[in-house]
Amino acid sequence: MVIEILYPEIANLFGELANIKYIQASIPQCEIINTDLNSKPAFLQEGSKIDLVYMGNMSENSQVIAMDYLEPYKDEIKTAIESGQHFLFTGNAFELLANDILDLDDLPYDSSLLNKEGNSRINQHTKTTTCLGIFDISVKREIMHRFNSLYLGRYKDLEIVGFKSVFSYASLNQDIPPLFETIKGPGLDKSSIGEGIRYKNFMATYLTGPLMVLNPKYMIEFLSELGEKDINPPVMDAAMDAYNQRLSEFKSDRIPYEY
């Protein structure tokens with residue numbers, strides 16, 4: 001199995017690369033490709049075979065940097081998605097593929113964030129950041145109001161636990177199925193009953209944790225859908241003990257979901 005990590009130097013808030021480290025520890029001979037900002041993504045190169053493209057959470061300034069580096073490839077990325085390439089984006093990474101991000105608070109914009117043509121994708125007058133526009137999604141961001149919560153959801157017959165720590169929330173302008181069915185906690189936006197998106201083999205979620213470490217059975221299911229058969233997560237008994245304990249706590253009415 002070959003996994004490409006996009007821009008690990010800037011997309012690793014909350015230790016999200018542990019998702020891939022856990023997968024790597026669970027699959028013999030798993031190859032990892034770390035693609036830096038100055039390199040063309042491997043999954044877009046002719047003749048490459050990448051089983052999974054991963055991108056993790058990042059800061060708001062890093063989002064702008066990442067979008068500028070991905071801008072020349074946006075049509076190729078869209079073609080790859082339509083062709084069935086597998087992706088997993090966690091945290092705010094999938095916002096890069098939205099139409100735009102509207103800031104509801106005044107932000108101290110970094111004037112050095114200029115794209116390669118010398119023009120910022122940030123419109124300070126409208127407080128809007130233009131994204132890659134691959135999905136018809138609108139994002140609203142409140143940088144002065146971080147929202148933290150627990151999350152309990154379902155994927156097929158598996159219960160999913162996770163955390164959300166976000167300044168932003170997304171609204172779908174096109175019909176895209178959610179990745180997870182929500183049981184308790186906030187969905188993709190403040191009124192959604194689903195969390196994340198799944199379009200063909202593009203999967204994204206705001207959930208952090210890291211997701212795979214918190215949900216070892218989901219990781220096995222996820223990898224099985226990618227065609228992997230020999231999956232042996234390390235310390236599986238301990239991982240499941242932690243999962244079951246957390247699941248019990250998340251189901252309790254005594255536990256506040258927003259904090």
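Let's start with Tyr7, which is buried, because its relative accessibility is 0%, and buried means under 20%. Keep in mind that this is a predicted model. Tyr7 sits in the loop between β1 (2-6) and α1 (18-26). Its phi is near 50°, a positive value in a residue other than glycine. Why point that out? Because most residues other than glycine have a negative phi.

Phe14 is in the loop between β1 and α1 too, and its phi, near 60°, is also positive. Is Phe14 buried or partly exposed? At 43% relative accessibility, Phe14 counts as partly exposed.

Now for the backbone at Gly209 and Pro210: a cis peptide bond joins them, with omega about -5°. Pro210 belongs to the loop between β15 (202-205) and α4 (211-214).

On to the aromatic rings. How many aromatic pairs does a search of the whole structure find? The search finds 13. Take Phe43 and Phe87: their ring centres are 5.2 Å apart and their planes meet at 90°, so this pair is edge-to-face. Phe43 lies in the loop between β2 (31-35) and β3 (52-55), and Phe87 in strand β4, so the pair ties together parts 44 residues apart in sequence. Phe43 is buried at 10% relative accessible area, and Phe87 is buried at 1%.

Tyr155 and Phe180 make another edge-to-face pair, with centres 6.2 Å apart and planes at 80°. Tyr155 is buried at 7%, and Phe180 is buried at 0%.

Finally, look for the cluster that ring pairs build from Phe43, Phe87, Phe89, Phe135, Tyr199 and Phe202.

Conventions. Residues numbered from 1 in each chain as written. Predicted model: local features only at pLDDT ≥ 70, side-chain atom pairs only at ≥ 80, totals over all residues. Heavy atoms only, no water. Helix = DSSP H or I, 4+ residues; strand = E, 2+ residues; numbered from the N terminus. Buried < 20%, exposed > 50% of the residue type's maximum accessible area, 1.4 Å probe, protein only. Phe/Tyr/Trp six-rings, centres within 6.5 Å; stacked < 30°, edge-to-face > 60°.
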